[in-house]
Amino acid sequence: MLATLATTAMATHYAGPWAAGFGWVFFLIPIFWILVIGLVIFLVSRRRREWAHAGPDGSYGPPWARGASAESTLSERFAKGDIDETEYRARLEVLRANRPNAS
């Protein structure tokens, strides 16, 4: 019995707990990271595609970087009293005439 126990201990010690290797589980780690990286790339490209389209005020870029449109700035100045109505209407006409997507 002692000889059998010694032989078993020797065989187990020699092979170790990872003697059979990882097997098919080895492929799960790279597949997991490929999926994570793919998801990040998908989300970033989707967000950039949304940023490429103009917002409701006609500006481009991420929502936090979009500045106020020229027309809204002009109307704010008119509301504050910085410019009078004739100047407001003249500048508004110039802005609308020089709009990039004007036909």
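This is a predicted model: local features need pLDDT of at least 70, side-chain atom pairs count only at pLDDT 80 or more; totals for chains, interfaces and linings use all residues.
How exposed is Trp 33, in terms of relative accessible area? Trp 33 is partly exposed, at 49%, where partly exposed lies between buried (under 20% relative accessible area) and exposed (over 50%), judged with a 1.4 Å probe and protein chains only.

View 1. Residues are numbered from 1 along each chain as its sequence is written, and side-chain values use heavy atoms, with hydrogens and water left out. The secondary structure comes to four helices and zero strands; helices (H or I, at least four residues) and strands (E, at least two) are DSSP runs numbered from the N terminus. The mean pLDDT (the predictor's confidence in each residue, from 0 to 100) is 77, and 59% of residues reach 70 or more. Of the 103 residues in the chain, 9% are buried.

**View 2. A nonpolar surface patch that includes Phe 32 and Trp 33.** Ile 29, Phe 32, Trp 33, Ile 37 and Ile 41 make a patch of about 560 Å². Patch residues have over 30% relative accessible area and no salt bridge; like charges are joined within 9 Å and nonpolar side chains (Val, Leu, Ile, Met, Phe, Trp, Tyr) within 5 Å. A salt bridge here would be a side-chain nitrogen of Lys or Arg within 4 Å of a carboxyl oxygen of Asp or Glu. Areas come from the Shrake-Rupley method with a 1.4 Å probe, and for residues only the protein chains shown count as cover. Phe 32 lies in helix H2 (residues 28-52) and is partly exposed at 45%.

**View 3. Two aromatic pairs.** A search of the whole structure finds two such pairs; rings of Phe, Tyr and Trp (its six-membered ring) pair if their centres lie within 6.5 Å, with planes under 30 degrees apart called stacked, over 60 edge-to-face and the rest tilted. Phe 32 and Trp 33 are edge-to-face, because their ring centres are 5.1 Å apart and their planes stand at 75°. Phe 78 and Tyr 88 are stacked, 4.7 Å centre to centre with 20° between the planes. Phe 78 sits in helix H3 (residues 70-80) and Tyr 88 in helix H4, so this pair ties together parts ten residues apart in sequence. Phe 78 is partly exposed at 33%, whereas Tyr 88 is buried at 15%.
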